[in-house]
Each structure stands twice: as C-alpha cells, then as structure tokens.
Amino acid sequence: MRKFFQEIKADLKFKTAGPGQKLSEPSRAPKEKPKAEVAPKPRQAPTDEAQRAAAAALARLELKPKGKAPSSSQEAIKNQVRKELMAEAAASEKGLSMEEKEQEEEGAAAPSVSGIYFICPLTGDVVRKDQKEKHLREAIQAYFSVDPVAASIMEIHTFNKDREKVRVCVETMAKYLDNIYLHPEEEKYRKIKLQNKVFQERISCLEGTHRFFQAVGFETQTLPVPGQGKNTEEEYYVLKEEMLSRLEELKDCKEQLLSAEPVRAQLHRQLTVFQPSPAAAHFELPHDFFNLTAEELRREQRLRTEAVEKASMLRTRAMREKEEQREMRKYNYTLLRVRFPDGYILQGTFYARESVSVLYNFVREALRDDWLPFELLGPGGLKLTDENLAFNECGLVPSALLSLAWDAAVMADVEAAAEEQRSPLRPELLARVQTLS
C-alpha cells in the first residue's frame, strides 16, 4: 500500500505548484525521445510547502479506517490527492493553515453582524461606529445653511464633552442675551469684550460659541477701552442695530440654547429574522462589541491564568462584586437573539446598559399582533421578570440566546379562533428572512 502512495507522490511531485501558480494536469501523451538539438526543459523542483502538503494528504489517506470500501479506481484516489494539494496551495495563498482551510470548507460561522452601526438623526444615514463622529460633524456643518442658530447650538452641546463646562457656558451666554432683552436701551449690555476674563474662561474656549454670537446678530468691532484713552483698543462683540427691533427672536434663541441637548446618533438595531437553526446559540462578534483597550487585552490572558487561583481563595462579597463590575465594563454592546416557539429567531443589537424593557418593546414591535402577552426566558430558562435591570446586570453580554414563551391560555384561544396556523412575526420581516450561518 505504501509503495502505491509513493508512486502517487512521485507522479504529483512535479505537478505541485507553489503559491500563485496553477497545478498542471498530468500529461497523457506518450513520452517521446527529445530531439538532439533541443535540450529538455529542467523540471521545477517542488516547494517545501508542496512537499509537506503532499505528505499530509497521503498521511490522511493512510489513516482512514480500513473497514471502508476502497475507491473505485486508482484514478479516483489520485484525484482526491490532487484536490487536497490544490486546497493546500489555495490556503497558503490566503495565509491560512490547512486546519483553518478545513474549518472554512466545513462552514465555520461568519460574524453574526458586520459591526456596530448608527443612524444619523439629521440625515437618516446609517454609518459605521468609527465613522459616526465624522458624519455627525459634517451633517451639523451642512445644517448651517439651513439654520445657523440651531447649528451653532448643536455644536456647543454636541462637541464639548465636559457637560459641566457646557452648562456654565450656556448659562453665561443666556445671561448676556437676557440683559439685552430686559434692558434694550442700555448700550453697555449690547457689547461683550472678547478679552474679558469671564468670557475667556467660560465661553471662548468652547467649540461653537463664537458662531452662535455671529448667528444671533453680533459682529466683531475694535473699540476704545473706556477710561484708558483713545489709543487703547480691544475687540468686542457688538449687537447689530437692526436686532433691537427683533428682541423676541433673541429671546427665542436664548431659550433654544438653554433647552438644547447633544445630538446623538441612534444605535441601529440591525433587526434580522433567521430561519430555525441549530446554530442559534453560536455567536461570532466583531471587535466593535468590546470595550477593551490594548492594555486590557494584554491583561486578559494573565487574568484568566489567575482565575483558577482566585476560585480556590475565600473571597468577600465586595471582592466578588468588584470583579463582576469589571467584567460588565468590558462590553459596550450586546447582540441578542430571541427564539420563537416555531423556531424563527429575531436578532437585534443593543447597548449593554440598556434595560430589559427595551428588549420586550423590540420583540413586541416585531409581532403581527403586538397585544399578545409573552415572557422572555434567559439562558437556563430563567424568566426575565424585572424589566428595569440592564442587560449586563442579567449576564446577557456580549451576546445571548433567549426564548419566547406565550401565555398558554391566551394562545389556546387564538389558535382556536384562527383558521390556519401562521407565524406571529410581521409579514414584512418574514419576507426578509435569512439563513443563519
């Protein structure tokens, strides 16, 4: 038997190509004596990869159970060897090991979602997580052509991350406008010295503030400083004269400034319905779902090594809670699946700190009849009765498969009244049903 495989290996030796080359088919033409004047072409020696691949393929064939019926012909065996060698060459080109290639051929699961996406509230566009801030900034910049006051207020509240500084800033700016509205005859209230200490510390250092003053009717002027002579001048914001007849507009701008909130892109749920699948509990998540820094990633292996030792130690409740809190902070998002009694699977993306009530609403909105009462069961069949708990508090991060259970009495009445059995999911969702890989 080994002699037979050695013959196969010899037959393939010069037909195995390295990366980027095609495998040549065995020549069927009879060998001819080369002409004297033409030197024969030297055969290319096989690469180390090709030789290892051939040896691995032959070893696999020899290790197959002896009880199985042999292939119908030697040619069939040769074809099988060639197929495995070609697979090895393709895997090498892709930078994969043979084991990884075999997993790929066996249908290893692709990521359940391609990433985290958001919906821009200004444009309605769906953008990736890493493009969210850039897209939001561009959308607000474009909004200046529509409403410069509103756009500048968006800038102030959205791009200045220190919420306490923003609060102090807008309250100070509102005070400037309020003084003008209440005392329009007082010229001193219509001028703001740009080098004023309060203005510099509370307002000038924040993004969007100067564009707001310009949008509501202020212009920059260089004026003499009172009491310091004509040669001493400084820059001021001065309210335009025509704005004195539009004080109500100024008041409205002040109210907008005080009541505004940061513009936040909405997390895209990526609602998906899958056919019934035994792979429902298997998740492959992209890196977007994790909240680990590079340093934390390096520490992960060490922490896992220490886990065994910690398990044998007597730990206080406070120590356990601290570790649980650290685990929960690793995840910003979670991918949740809800399996219906008929096997269909509803999938959505959520913040890890959102409450269970959000999931109940998500499921209810997907139902054909949203009034049908149901319960959600977590891993292990535990009922999620406290809808105020966050997903990370329930252990539902970074992914989880839940089950939906109907109210038995209500469903008995529904089934008795229905003419035919039908899926409880909305028809438009079933029309987009996918197969879970």
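Glutamate 354 and arginine 269 pair up through their side chains in a salt bridge, at 2.8 Å from N to O; a salt bridge here is a side-chain nitrogen of Lys or Arg within 4 Å of a carboxyl oxygen of Asp or Glu. This is a predicted model, so local features need pLDDT of at least 70, side-chain atom pairs count only at pLDDT 80 or more, and totals for chains, interfaces and linings use all residues. Residues are numbered from 1 along each chain as its sequence is written, and side-chain values use heavy atoms, with hydrogens and water left out.

**Salt bridges**

- Glutamate 354 sits in the loop between β9 and α13, and arginine 269 in the loop between β6 (266–267) and β7 (272–274), so this pair ties together parts 85 residues apart in sequence. Helices (H or I, at least four residues) and strands (E, at least two) are DSSP runs, numbered from the N terminus.
- Glutamate 354 is buried at 15% relative accessibility, while arginine 269 is partly exposed at 22%. Buried means under 20% relative accessible area, exposed over 50%, and partly exposed in between (1.4 Å probe, protein chains only). The areas themselves come from the Shrake-Rupley method with a 1.4 Å probe, and for residues only the protein chains shown count as cover.
- Glutamate 207 forms a salt bridge with arginine 137, with the closest N and O atoms 2.6 Å apart. Glutamate 207 is in the loop between α8 (197–204) and α9 (209–215) and arginine 137 in helix α5 (residues 132–143), so parts 70 residues apart in sequence get tied together.
- Both ends of that pair are partly exposed: glutamate 207 has a relative accessible area of 29%, and arginine 137 comes in at 33%.
- Glutamate 155 meets arginine 211 in another salt bridge (3.3 Å, N to O).
- Glutamate 155 is buried, with a relative accessible area of 2%, whereas arginine 211 is partly exposed at 32%.
- The count of salt bridges comes to 14.

**Nonpolar core**

- The largest nonpolar core has 29 residues, and Phe340, Leu359 and Val363 touch the most other members. A core is a set of buried Ala, Val, Leu, Ile, Met, Phe, Trp, Tyr and Cys residues joined through side-chain atoms within 4.5 Å.
- Two or more residues each come from β8 (333–339), β9 (345–351), α13 (356–365), β10 (374–377) and β11 (399–406). Helix α13 gives the largest share, five residues.

**Surface charge**

- Glu187, Glu219, Glu241 and Glu242 gather in a patch of negative charge on the surface. Patch residues have over 30% relative accessible area and no salt bridge, with like charges joined within 9 Å; Asp and Glu count as negative, and the place of a Glu charge is taken as CD.
- Glutamate 187 lies in the loop between α7 (163–182) and β3 (191–193).

- Most residues other than glycine have a negative phi, and most peptide bonds are trans.
- Glutamine 270 has a positive phi of about 50 degrees although it is not a glycine. Glutamine 270 is in the loop between β6 and β7 and is buried, with a relative accessible area of 14%.
- The peptide bond from valine 397 to proline 398 is cis, with omega near -5 degrees. Proline 398 belongs to the loop between β10 and β11.

Notes. Patch = residues over 30% accessible without salt bridge, like charges linked within 9 Å, V, L, I, M, F, W, Y side chains within 5 Å.
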